[in-house]
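This report looks at a helix, a chain contact and a sheet. Keep the structure in view while reading.

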Amino acid sequence: MAIIKTEIRSGVYYDSAKLMSLQRSLAGLPGILDAGVVMGTDSNKELLEHIDLLSPEVQSAKPDDLVIVVKSEDDKAADEAMAQVDGLLAARKSDMDEAYMPRSLETAAQMLPDASWVIISVAGRYAAGVTREALRLGRHVHLFSDNVSVEDEIALKLEARERGLLVMGPDCGTAMIGGVGLAFANKIRLGPIGVVAAAGTGLQQVACRIHQLGSGMTYGIGTGGRDLSEKVGALTFLMALDALDRDPDTKVIVVTSKPPSPKVAEEVLKRARKAGKPVVVNFIARAITTLQEDNLYFATGLDDAARLAVELAKDPPKVDGDAGLKLERFKPEQKYFRGLFSGGTLAYEAQHILAGYVPRVWANAPINKEYKMANSMESQEHSIVDLGEDEFTVGRLHPMMDNELRIRRLYEEAKDPQVAVIMLDVVIGYGSHPDPASEIAPAIAKCIAEAKKDGRHLEVVCVVTGTDEDPQNFDSQVKQLVDAGAFVDGSNEVVVRYAGRILRGLAERGAPAEAVVGKAVDLATLKKPLQVINVGLESFAADMKAQETPVVHVDWKPPAGGKENLMAILERMKQRS
Amino acid sequence: MVDIEKANTTVVEKMMEARPVATGVAKALDVVPGMTDDLLLHAGPPVTWERMSGPMKGAMVGALIFEGKAKGWDDAEAMLKGGKIKWEPCHHHACAGPMAGVISPSMLCYVVENKTHGNKCYSNLNEGRGKVLRMGAYSPDVIEKLKWMNDVLGPTVGKALEAAGGIDIRAVLAKALHMGDDGHNRLDAASVLFTTQLAPFIAKTARDTDMAFEVIKFLGENALSILNPVMAGCKTMTDAGHNVEGSTIATVMTRNGTDWGMRVSGLGDQWFTAPSPVVKALYFPGFSEKDACLDIGDSVITETAGIGGFAMATAPALVTFIGGVPRDAINTTLDMYEITYAEHKQFTIPFLDFRGTPTGVDIRKVVEKQVTPRVNTGVAHKDPGVGQVGAGVVSAPMKIFEDALVAFADKYGI
């Protein structure tokens, strides 16, 4: 037999919605069959009568009395329910701080106007659209999503370049900005090293080793694994490198990549060489031909790159670029190299190294048959002549013993107004001329002086292969040549690279300034305290919060629910506006 | 080539510039355009008798009894099914009616004039809460009350409105939003303001003090007194923005208990419809969701104009209807900014630093973001004759927006 229990409260006011909510809660309690919570108006009494909740107490209630009625299986359940009324009326559900999750990037950007970065991890087919929107809102993008077509990647990166924005990705797992890790990233202390990587775990490995070795990072910028492919052409990589070059807090730069397109790798190195700071290079599977070339330091692997960077960062070597070469001394038409070698191997090595600095080197004994000189007696453009070749030694002594032919050729080359650098090798020791410098040095001095009269600066560079215990004495040979005005070193490579830098500098001096493409990344956007908008995986937003970085997570849904025809209409509408 | 942004700007500007003023009360047959002696108006898009919801049928039957054309259900139904009585949407006749929204020829209606653009709209008198015609009740006491309203309430209020020189509905709403109303489901403040403004004139124009007492008491006790002129007022706003070539803004949203319907400014008088959803609601004692009629009423014209559910942040007390917390009210409004074209110049939200309410539902944004308009609403019993059973919130069906987008692309060659 069901029982009805009533409670009347006078002089209280509750919003009607609150009363309905209380009624629902009471009706849901164990043992309660039905409940009514209303003000005691006539129409409400009628309502209670209609559902058999009318009791004598209810009948006597006045319109401003609160009427609480429960119907239950027994007294106990009714009493327990009534005991809960005050608690239920006082119940508060949550705090006001639970933030609003916007439905669109646009709203998120209004909520967090200082957020420079948007992390995008939505399904691949939507990623390009979201990225485009982020770029239009002027934000850098960390594009975690994969399955973005290379065509979309290129289009997005070109648009980003026009706006001076970075698109890190697609399929970019890792980035570290100002000590905060985005997506897959480690906690790395702040420090003097900046890393640009077309390699996710590559970036993590280098970053962690830098940290383990006691140093730290300014930025770790992932570009996505395809950035150094021929199609994409390092669009993001070059912008990131440029930004780190301009960043005063970055003292050393590391560039690393999964196996890059060789052509694109050279483009990156070309830009890296212009950086006014040391750049450690580790391109996986790219053969290392030298450990150092100017400001470039070639590492053998990820760990080696980290180690090198940490070492260099301790006391960063000054990089003065081409300033030390004093290129202004050369006349505009001076641009060619002439190598007059007595040693065949030295001549070959010179060809090999110079190939990294100038488009082609002609030789009478070329590495590549294509570049064989038409006439060994007549130099063309950049030429290396091995005077020890048979064609020159018929009926005369080898040039290591007899300097006469080489000196004659030296005079000839020195007169050529297009020649900038002449290189000679001086090989001493047993069997060689007893004092080659005594003949060569005066000739060099004369050539330099003649050129000077003509208003030209002639750079003569010599490698001396010998020791201080040789009969001709290395130091004495060097001194004579230096006094004559030559650049001298005991290393063939050092001398050739020195010449190479001059030649490259002169070639670039002549070339018209490259048209500025796009817009450079505004360093201020990287410098200000990191704030992030997250679209996609919610855990990335949680990671930001854990790193005390302000973040707004977008409650994103596929546009038009992923319906192709509707998406197409919306896109066409956007293009028209 | 049509310029959507320009068209939409025109529409929302017109909607926001519109200034509806309730100027008087008049017989529907005399003022409602196209009203005839054998016509009933109803809420929502067009509907057949077979598909018509219970409360709307009940309201139509009640209206015919009120008109003296029928005695009860059977002969009323026969007249309706037999074609002797026709029915058309309020929205085809510059009207908006709450819930079933049934307006019959001799019913008195509020006349609301948009002083900015000159267009007029109409709505009937509000019966209060409980067992009422608009919820599908048609018992003798319901009809009695309607008669009293037509004989006493309407004429008195009409004279008072004239004497007062009209009441500026937009100004009342703007103030009420700062007093905890949303302008649709919660009109406690606006109704008090309305009554306060009318009372002195009622005191003057009523036949005697008893009548003045009766009328002022009725208006003052009914927290929805102002709902009907508000709806007509909102309709003058959205009508001002209707039929602008190239606009993607919704200018009519409404339901009839069977279907949800929408019209879009740039798509003329074409209806886009989909089945009406179930309202997520709190129910009166003894009722539950299984008793509920599907979403019904023209009152979503308030959301169409930028208040109601869209202004939920001004009425946090309403969140209890959905078992929510005040933060949910804020979030509802923030969500609506995602799908609207403008922020209202007249209606502002104190909590959001007086940001304007989200105004002008843009079908493009609704489809793109997959967020549909949120509406605060009452719930009628699904059967004729019962009345209101609860109140809650509901979201419009996505299909009408998707269909409209396709139709728009079609019409404009996009």
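## A helix in chain A

How many of the twelve residues of H1(A) are buried? Ten are, so the helix is largely enclosed by the rest of the structure. The model is predicted.

The buried set is Ser16(A), Ala17(A), Leu19(A), Met20(A), Ser21(A), Leu22(A), Gln23(A), Ser25(A), Leu26(A) and Ala27(A). Their cover includes strands E2 (32-39) and E3 (65-72) and helices H4 (75-83) and H5 (85-90) of chain A.

Helix H1 (residues 16-27) of chain A should span 16 Å, because its twelve residues are counted at 1.5 Å each; the end C-alpha atoms are 16 Å apart, which agrees.

## The contact between chains

Chain A brings 36 residues to the contact, and chain B brings 33. On the chain B side, four helices each supply at least two residues: H1 (4-17), H11 (326-337), H12 (363-369) and H13 (398-411). H11(B) gives the most, with seven residues. By class, the side of chain B that touches chain A has 19 nonpolar, eight charged and six polar residues.

E10(B) pairs with strand E15 (residues 388-395) of chain B over four bridges. Within E15(B), Val393(B) stands opposite Lys280(B).

How values were computed. Residues numbered from 1 in each chain as written. Chains lettered and ligands numbered in written order. Predicted model: local features only at pLDDT ≥ 70, side-chain atom pairs only at ≥ 80, totals over all residues. Expected span 1.5 Å × (residues − 1). Buried ≥ 20, exposed ≤ 12 C-beta atoms within 10 Å, placed from the backbone. Contact = placed C-beta atoms within 7 Å. Nonpolar A, V, L, I, M, F, W, Y, C, P; charged D, E, K, R; others polar. Pairing = 2+ DSSP bridges.
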